Amino acid sequence: MNGAAALRGTWATVPLILGATILAGTAIGETRLPFLTVWNTLANHLWDAGHSVDRIEAGIVWSYRLPRAIVAAACGAGLALTGVVLQALLRNPLADPYLMGLSAGASTGAVLVTVAGFGAGAVSMS
């Protein structure tokens, strides 16, 4: 297998791994839900499949865990993208936020919001 075919095979598996990770993140939690329940809930909401699923379990999956897993995946993708941009900008594969003082600036802003009450209405910390 040449390099291009191996690369295509690798990129073809990435969406499958991401989907499996989101499915696992949706199933795992304080209330244990089987993967089949998660899958049936997704099928009911996305394709109107008509599977019999408990309303409480469907609510846990659709209203709480699935949005949280999708937001976690999107945040991870955003952090990865910003890391790639920073490394490409500096032309250094080992570049990190500490190199340009970005982390120090972020902590300074957090201290200003917390201690001084700067930006009380417009800027807040979670």
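A search of the whole structure finds one aromatic pair. Its members are Trp39 and Trp47, whose ring centres lie 6.4 Å apart. The planes of the two rings meet at 50 degrees, so the pair counts as tilted. The model described here is a predicted one.

### Accessibility of selected residues

| Residue | Relative accessibility | Class |
|---|---|---|
| Trp39 | 46% | partly exposed |
| Trp47 | 58% | exposed |
| Asn40 | 13% | buried |

Trp47 is classed as exposed because its relative accessible area of 58% is over the 50% cut-off. Trp39, at 46%, is partly exposed. Asn40 counts as buried because its value of 13% is under 20%.

Asn40 is a residue of helix H2. When neighbours within four places in sequence are left aside, Asn40 is in contact with His51 and Val53.

### Overall architecture

The protein contains four helices and zero strands. Followed along the sequence, the pattern is α-α-α-α.

The C-alpha trace spans about 55 × 55 × 25 Å along its principal axes. The radius of gyration of the protein is 21 Å, whereas a compact globule of 126 residues would have a value near 14 Å. Of the 126 residues, 15% count as buried; Asn40 is classed as buried. Among the contacts with a separation of 6 or more, 34% are accounted for by residues 24 or more positions apart.

### Packing of helices H1 and H2

Helix H1 covers residues 3–27, and helix H2 covers residues 35–47. How far apart are the axes of H1 and H2, and at what angle do these helices pack? The axes are 9 Å apart, and the packing angle is about 110 degrees. The two helices are therefore roughly perpendicular to each other, since the angle of about 110 degrees falls in the range of 65 to 115 degrees that defines this class.

On the H1 side, the contact is made by Leu23, Ala24, Thr26 and Ala27. Phe35, Val38 and Leu42 contribute from H2. By class, the contact of H1 with H2 comprises six nonpolar residues, one polar residue and no charged residues.

Methods. Residues numbered from 1 in each chain as written. Predicted model: local features only at pLDDT ≥ 70, side-chain atom pairs only at ≥ 80, totals over all residues. Heavy atoms only, no water. Axes fitted to C-alpha atoms, helices over the stretch in contact; angles between N-to-C directions. Parallel < 35°, antiparallel > 145°, perpendicular 65-115°, else oblique. Contact = heavy atoms within 4.5 Å. Nonpolar A, V, L, I, M, F, W, Y, C, P; charged D, E, K, R; others polar. Phe/Tyr/Trp six-rings, centres within 6.5 Å; stacked < 30°, edge-to-face > 60°. Buried < 20%, exposed > 50% of the residue type's maximum accessible area, 1.4 Å probe, protein only. Rg over C-alpha atoms; globule rule 2.2 N^0.38 Å.
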